[in-house]
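Here is a friendly briefing to read alongside the model. Take a look at the chain first, then follow the topics one by one.

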Amino acid sequence: MKIDLHSHTNLSDGLDSPAALVRSAKEAGLSVLAITDHDTLEGWQSLSSAAETGSLTVVPGAEISCRTASGMSVHILGYLFNPTDLALTELMSLTRDDRIPRIKKIIQLLNEAGIEITFSDVAKHSESAQTIGRPHLADALIERGVVASRDQAFAQYLHNDSPFYVGHFAPTPEVAVHAIKNGGGVSVLAHGLAGSRGATYTLSEIEALLEHGLDGLEVDHRDHGHSARGALREIAHAHNLFATGSSDYHGAVGAQRLGMELTAPEVWEGILARGRGCGVFTI
Ligand code: AMP
Ligand code: ZN
Ligand code: FE
Ligand code: FE
């Protein structure tokens, strides 16, 4: 049984439509796929309205873009929460709205450094999206011939410590964890030790977040090396947390493949049993 609990559609910064993502998941032999777009539910919601009984179990979710009091970017995955919960939907809509002026500010900084790029270039690559993000800006930089790939765009211009980085409205991780819990959902810290993306939590900061009701840690993720995985697995074991593994798939680019990292069936069963804000559906 192949279970992948982190993926994106083109309703946020993934490249595949929800229907194409489902097709790819079936081709990859997955039994369970969580759709966790950044700050929007529309990807899985568009599927659930047309759902029939099929071979793929879809787990409703989201990846909430958060920022700590000290300004560090942290992503919290939420699963099986009530999709009409007001606190959660308002929090995501504030984030989505503020991402537009934020992208414009990044564009201005790039322009000041002599890189020609406009908001309409970026808008062209985010037509399907509810959530505009740096990967769309990366796509526009590729089209302009400035870089060759999303990875190169992040390495050179868009990473969190770059002079062109601008943040957007974001709740703290504590607020997101509480909101997911109040909405009946299950919360998991996404790629918590992915140092290649920028600053990360210390292990004791992760333990402090547990006191707010965090349910799990994403352990197996392509941006975690052997020692990061070991450290996270140890914390998860010590505190009886869900230790997940997921592809964080945004489309078949670079090394990304659906099912490249997996979650154990007993971990998934624990998450399913704890989530009470909504149910899964099959398609
Ligand atoms: P944003 O939501 O606009 O802040 O952009 C964050 C998204 O950019 C993440 O979800 C990843 O998909 C992608 N991303 C972040 N850091 C990197 C990186 N170093 N290399 C490639 N993609 C990245
Ligand atoms: Zn993303
Ligand atoms: Fe993330
Ligand atoms: Fe993600």
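## Cores, metals and helices

The largest nonpolar core has 43 residues, and I64, I76 and L217 have the most contacts inside it. A nonpolar core here is a set of buried Ala, Val, Leu, Ile, Met, Phe, Trp, Tyr and Cys residues joined through side-chain atoms within 4.5 Å. Buried means under 20% relative accessible area, exposed means over 50%, and partly exposed is in between (1.4 Å probe, protein chains only). Another core lies apart from it, with 18 residues, among them I107, I115, I117 and F164.

This is a predicted model, in which local features need pLDDT of at least 70 and side-chain atom pairs count only at pLDDT 80 or more, while totals for chains, interfaces and linings use all residues. Residues are numbered from 1 along each chain as its sequence is written, chains are lettered from A and ligands numbered from 1 in the order in which they are written, and side-chain values use heavy atoms, with hydrogens and water left out.

- Helices (H or I, at least four residues) and strands (E, at least two) are DSSP runs, numbered from the N terminus.
- Leaving aside neighbours within four places in sequence, L217 is in contact (heavy atoms within 4.5 Å) with residues including V188, L189, I206, L232 and F242.
- L217 belongs to strand 6, where it stands opposite L189.
- Strand 5 and strand 6 (residues 216–220) pair in the parallel sense over 2 bridges; two strands count as paired if DSSP finds at least two bridges between them.
- Strand 5 also pairs with strand 4, in the antiparallel sense over 4 bridges, and there I76 stands opposite L189.
- In a regular strand the side chains alternate between the two faces of the sheet.
- In strand 5, V186 and V188 point one way while S187 and L189 point the other way, and all are buried.

**The iron ion (ligand 4)**

- Which residues hold this ion? Its protein donors are H6 (NE2), H8 (NE2), E63 (OE) and D248 (OD), lying 2.1 to 2.3 Å from it.
- Donors are N, O and S atoms within 2.8 Å of the metal (3.2 Å for Na, K and Ca); water is not among the atoms, so sites may look incomplete.
- Along the chain, the donor residues are spaced H-x1-H-x54-E-x184-D, and both H6 and H8 are buried.
- For comparison, four donors count as tetrahedral if all angles lie between 85 and 135 degrees; four count as square planar and six as octahedral if opposite donors are over 155 degrees apart and all others between 65 and 115; anything else is irregular.

**The zinc ion (ligand 2)**

- The zinc ion (ligand 2) lies 4.4 Å from the iron ion (ligand 4).
- D13 (OD), D13 (OD), H38 (NE2) and H250 (NE2) coordinate the zinc ion at 2.1 to 2.7 Å.
- The arrangement around the zinc ion is irregular because its 6 donor atoms subtend angles of 52 to 155°.
- The zinc ion (ligand 2) and the iron ion (ligand 3) are 5.6 Å apart.
- D13 lies in the loop between strand 1 and helix 1 (18–27) and H250 in the loop between strand 7 and helix 10, so the pair ties together parts that are 237 residues apart in sequence.
- D13 counts as buried at 7% relative accessibility, and H250 counts as buried at 10%.

**Two helices to compare**

- In helix 10 (residues 265–274), V267, W268 and I271 are buried.
- These residues cover an arc of only 100° around the axis, which puts them on the same side of helix 10; the arc is that of the directions from the helix axis to the C-beta atoms.
- E266 and A273, on the other side of helix 10, are exposed.
- Helix 5 (residues 134–143) is largely enclosed by the rest of the structure, because 8 of its 10 residues are buried.
- Helix 3 (86–112), helix 4 (119–125) and helix 6 (150–158) are among what covers the buried residues of helix 5.

**Positive phi values**

- L80 has a phi near 60°, a positive value in a residue other than glycine, and is found in the loop between strand 4 and helix 3.
- H191 has a positive phi of about 25° although it is not a glycine, and its place is in the loop between strand 5 and helix 8 (203–210).
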